[in-house]
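Please look through the sequence and the structure shown here before reading on.

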Amino acid sequence: MRRRRLLAPEPGWTIAADVVVVGSGVAGLTAALHAARAGSVLLVTKVLVGDGSTRWAQGGVAAALAPDDSAEDHVHDTLVAGVGLCDEDAVRVLCTEGPARLRELIELGAAFDRDAGGELALTREGGHHRDRIVHAGGDATGAEVQRALVAAVRRSPGIRLVEHALVLDLLLTADGRAAGITLHVLGEGSEDGVGAVRARAVVLATGGMGQVYASTTNPSVSTGDGVALALRAGAEVADLEFVQFHPTALHTGPSEGQQSLISEAVRGEGAFLVDADGRRVITTEDHPLADLAPRDVVAKAIHRRMLELGSDHVLLDARGLGEAVLLSRFPTIVARCRELGIDPVTEPLPVSPAAHYASGGVRTDLAGRTSVPGLYACGEVACTGVHGANRLASNSLLEGLVFAARIGEDLARGLPSPGEPAAVDADQVLLDPSVRPELGRVMSEGAGVLRSAASLDGAAKNLDVLAARTSAAPSPAAWEATDLHDVAAALVAAARRREETRGAHWREDHPEPDDAWLGHLVTTTAGTRFEALARPPLHSPTLNPQPLERA
């Protein structure tokens with residue numbers, strides 16, 4: 001199959017760096033700081049350096065720090081949540097290196113909440129059997145992590161920052177190595193409009209693709225740009241069918257776009273889910289951890305109850321926590337709820353699942369290297385193998401810290417050889433921006449929480465119709481719409497192939513896990529192929545693993 005690239009003007013300017021990092025969340029900022037030890041770094045970000053998904057993270061960073069906890073316990077919980085598809089080597093890297101990376105973040109100035117004795121305050125979230133979630137500002141962890149990393153990047157003389165930069169496509173040498181990127185910058189001076197960055201290494205840290213759905217917790221910038229770029233460049237993308245729907249987005253009526261999140265940590269402190277009749281939505285008969293079960297289990301339980309009652313939401317009852325706990329632990333959530341006329345101190349919160357996190361993405365090894373030489377990926381855009389079929393709560397910020405640092409270490413061992421970008425022989429594509437709202441509705445209806453062959457076939461047909469609505473007028477809105485469509489088409493293709501229910505992928509026509517599907521669906525420009533696991537997993541849903549004892 002011929003390569004594809006976005007329809008865009010030829011670059012009108014060129015700059016160079018040893019490494020270009022695309023994205024300024026926890027992964028991108030951490031990658032830039034570590035890559036600066038290898039050479040000059042250009043950090044480009046889509047809007048402002050403080051925007052993106054990281055600052056919206058409420059829960060915290062998971063790390064085995066408590067005396068009664070261990071890396072092995074953290075590994076166990078991560079593998080169970082991933083229901084058989086985690087890369088165990090990647091999980092061990094995450095859980096063993098995580099505490100040291102968290103301490104590095106603290107040394108950079110991140111101020112996490114402390115208990116009365118001055119020790120890090122730890123809480124618990126869904127899927128964890130120990131208190132291991134470090135948090136800041138009660139429920140403003142992401143904002144504090146972002147603040148500390150941005151300050152460190154601004155202090156680094158080896159990092160240059162370019163804001164308002166939308167990445168377009170990867171520059172490749174004649175032998176298929178990454179040689180930089182094309183991008184569009186809205187600004188003043190020479191870096192205005194479409195340009196090129198020549199680099200020996202490209203690091204994708206573009207975040208998620210939640211905007212592919214009509215309702216998501218992701219900000220408007222999460223349009224799958226990195227995954228779309230990688231697909232067009234011929235890189236391998238894996239596990240796209242596993243999109244995690246957060247169980248408890250605040251439900252304020254029919255709406256589209258970014259939804260307010262009610263952190264899982266609220267349930268970690270004792271809140272629980274009920275329906276309009278006061279019946280518990282999930283109990284220990286459904287899962288040993290009940291309301292603190294992994295997110296896929298809770299989201300499915302909510303969706304089933306909503307279908308049973310013909311309702312569009314259930315209720316999260318946090319009244320038992322009391323006003324003092326709610327205000328100290330969750331000040332941002334309380335303020336947002338009260339802004340919308342709901343008081344969690346006196347009334348249950350209406351909640352429903354919303355697209356939240358992509359467990360799949362651009363496939364990498366343990367050093368963050370993709371299948372395209374010189375192209376790296378970390379954070380939500382990457383598929384490191386850590387999350388498997390379902391991400392464990394608060395492992396995402398940790399993954400960004402750990403694997404971004406590993407990319408920096410790999411680059412410090414030796415930068416890729418410089419290469420000359422080759423002339424591009426590719427089909428140019430561009431969709432009309434008007435497809436975006438309809439695309440979100442197509443994906444939510446056909447490839448959302450509950451899927452089937454019929455719904456996915458319908459989504460694929462509707463996406464084909466949208467693909468015909470092309471445009472000849474390049475613009476950021478058109479480029480984002482095209483990226484979203486590229487990602488949506490690949491996601492639906494993978495979801496159609498996987499004929500089982502596992503983790504975040506729920507097929508009503510194949511309601512049980514099937515170990516014939518223990519493996520990964522890998523997507524490239526040539527299509528989607530299945531790769532069976534090289535070794536049997538420690539934790540598969542058919543094995544019914546016993547949980548750790550609660551501390």
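In which sense do strands S5 and S6 pair, and over how many bridges? The model is predicted, and in it S5 pairs with S6 (residues 133-134) in the antiparallel sense over two bridges. Within this pairing, Thr-123 has Ile-133 in S6 as its bridge partner.

The two strands belong to an open sheet of three strands, in the order S4-S6-S5, with antiparallel pairing. S4 and S5 (122-123) are the edge strands, and each of them pairs on one side only.

Strand S3 covers residues 41-44, and both of its faces are covered. In a regular strand, side chains alternate between the two faces of the sheet. On one side of S3 are Val-41 and Leu-43, on the other Leu-42 and Val-44, and all four residues are buried.

Which strands pair with S3 in the parallel sense? Strand S2 (residues 14-22) pairs with S3 in that sense over four bridges, and Val-20 has Leu-42 of S3 as its bridge partner. Strand S7 (residues 159-162) also pairs with S3 in the parallel sense, over four bridges. Here Val-44 stands opposite Val-162 of S7.

## Helix H2

Is helix H2 mostly covered or mostly open? H2 runs over residues 71-81 and is mostly covered, with eight of its 11 residues buried. The buried residues are Asp-73, His-74, Val-75, His-76, Asp-77, Thr-78, Leu-79 and Ala-81.

These buried residues pack against three elements: strand S4 (61-62), helix H3 (88-107) and helix H10 (395-413). S4 is also an edge strand of the three-stranded sheet described above. Just after H2, Val-83 takes a positive phi of about 40°.

## Gly-385

Gly-385 is found in the loop between strand S20 (382-383) and H10. Why does Gly-385 count as buried? Its relative accessibility is 13%, and the cut-off for buried is under 20%; therefore Gly-385 counts as buried.

Leaving aside neighbours within four places in sequence, Gly-385 is in contact with Leu-85, Cys-86, Asp-87, Ala-90 and Val-91. Gly-385 and Val-20 are 365 residues apart along the chain, and their C-alpha atoms are separated by 24 Å.

## A sheet of five strands

Another open sheet has five strands in the order S20-S18-S12-S22-S23, and its pairing is mixed. S20 and S23 (527-532) stand at the edges; each has a single partner strand, so one side of each is left without a neighbour in the sheet. S18 (residues 361-363) and S20 run parallel and are joined by two bridges. In this pair Arg-363 stands opposite Cys-383 of S20.

Helix H5 lies across S12 (237-238), S18 and S22 (519-524), running at about 45° to S18. Helix H13 lies across S22 and S23, and runs at about 45° to S23.

## Helices H5 and H13

H5 (residues 225-233) and H13 (residues 476-497) also pack against each other, at an angle of about 75° and with their axes 8 Å apart. The two helices are therefore roughly perpendicular to each other. From H5, the contact is made by Asp-225, Val-227, Ala-228, Leu-231 and Arg-232, and from H13 by Asp-483, Asp-486, Val-487 and Ala-490. By class, this contact of H5 with H13 has five nonpolar, no polar and four charged residues.

## Helices H8 and H9

At what angle do the axes of H8 and H9 cross? The axes of H8 (residues 322-329) and H9 (residues 331-339) cross at roughly 105° and come within 5 Å. That angle makes H8 roughly perpendicular to H9.

H8 contributes Glu-323, Leu-326, Leu-327, Ser-328 and Arg-329 to the contact, and H9 contributes Pro-331, Val-334 and Arg-338. By class, the contact of H8 with H9 has four nonpolar, one polar and three charged residues.

Methods. Residues numbered from 1 in each chain as written. Predicted model: local features only at pLDDT ≥ 70, side-chain atom pairs only at ≥ 80, totals over all residues. Heavy atoms only, no water. Buried < 20%, exposed > 50% of the residue type's maximum accessible area, 1.4 Å probe, protein only. Contact = heavy atoms within 4.5 Å. Pairing = 2+ DSSP bridges. Axes fitted to C-alpha atoms, helices over the stretch in contact; angles between N-to-C directions. Parallel < 35°, antiparallel > 145°, perpendicular 65-115°, else oblique. Nonpolar A, V, L, I, M, F, W, Y, C, P; charged D, E, K, R; others polar.
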